[in-house]
Amino acid sequence: IANPSLSTSNFGLPVQAGSAILSLVGWYDGTGNTLSTFVDSQGNTHTRIGSPVPTAVPQFAISAFIAANCKAGSTALTGTISISGSAVSIISGEYIGMDPISPVRAFTPISAQTYLTSYPGASVSANTGDTVVALSVNNIGNPNQVFTPGSGWAIPPNGAITVGTGPALMMVQTNVASGTYTGAFAGTQFDQYAQIIVALAAVSVQQPNRRARRRIHTRYIRH
């Protein structure tokens, strides 16, 4: 790749052994720009969940990545895009107590052409004890966005990027009941959006004392 652009996000605390890392990566996807790799300093394997989802106007795209059964220790995550100077947003969350083999139970993407301040979100089915995470981006170039989560959702500390060049959001519901969950949220600025909602499976019933917990880290970087 000519002139690759690297964006790195570091967890503030060491990752615990066996946890899962779920990451949102948003990037400017015009003029042939692509997200080519997403890796970390521990050598964990980050698998893309489905395909990239662009906002309706080709300006910003979102991908979700999952790494299962991670190694313990200080962890830095790095995304590589093909065109240097493009906007990149990264939000990564460490989820403790997820299935170490297949943490992703289900996922659903959505992209909306309409400019909105109230975003209906995508829906996903979850089982009892799962953690549900909604990952969202707006277009770049928007004035500073202020997000409000939908009913039942929480935005964890460091779970939102509100600057105009790369608005992004991670919303979480933990230890849920069996059912369907929809990643609705609102913003102060009219904009298009893209979202991937993910149901993370908790450890098996053979390990009932391990409750799901989360630690979220985010860093916004623009080159």
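Modeller: Ring pairs join Tyr 119, Phe 147, Phe 185 and Tyr 193 into a cluster. Please bear in mind that this is a predicted model.

Colleague: How is a pair of aromatic rings described?

Modeller: Two quantities describe a pair of aromatic rings: the distance of the centres and the angle of the planes. In this structure the count comes to five aromatic pairs. For Phe 38 and Phe 65, the ring centres are 4.9 Å apart and the planes lie at 35 degrees, so this pair is tilted.

Colleague: Where in the chain are Phe 38 and Phe 65?

Modeller: Phe 38 belongs to strand β3 (residues 35–40) and Phe 65 to strand β6 (residues 60–67).

Colleague: Is Phe 38 buried or exposed? And why does Phe 65 count as it does?

Modeller: Phe 38 has a relative accessible area of 5%, and buried means under 20%, so Phe 38 is buried. Phe 65 counts as buried because its relative accessibility is 4%.

Colleague: Which kind of pair do the rings of Phe 147 and Phe 185 form?

Modeller: Their centres are 5.8 Å apart and their planes stand at 65 degrees; the pair is therefore edge-to-face, the angle being over 60 degrees. Phe 147 lies in strand β12 (residues 147–149) and Phe 185 in strand β16 (residues 185–200), so that the pair links distant parts of the chain, 38 residues apart. Phe 147 is buried at a relative accessible area of 10%, and Phe 185 is buried at 3%.

Colleague: Which residues does Ile 62 contact, leaving aside neighbours within four places in sequence?

Modeller: Among them are Leu 24, Trp 27, Pro 52, Leu 135 and Ile 196.

Colleague: What may be said of Ser 92?

Modeller: Ser 92 lies in strand β8 (residues 87–96) and is buried, with a relative accessible area of 0%. Its side chain makes a polar contact of 2.9 Å with the side chain of Ser 23.

Methods: Residues numbered from 1 in each chain as written. Predicted model: local features only at pLDDT ≥ 70, side-chain atom pairs only at ≥ 80, totals over all residues. Heavy atoms only, no water. Phe/Tyr/Trp six-rings, centres within 6.5 Å; stacked < 30°, edge-to-face > 60°. Helix = DSSP H or I, 4+ residues; strand = E, 2+ residues; numbered from the N terminus. Buried < 20%, exposed > 50% of the residue type's maximum accessible area, 1.4 Å probe, protein only. Polar contact = N/O pair within 3.5 Å; in protein donor to acceptor, adjacent residues only side chain to side chain. Contact = heavy atoms within 4.5 Å.
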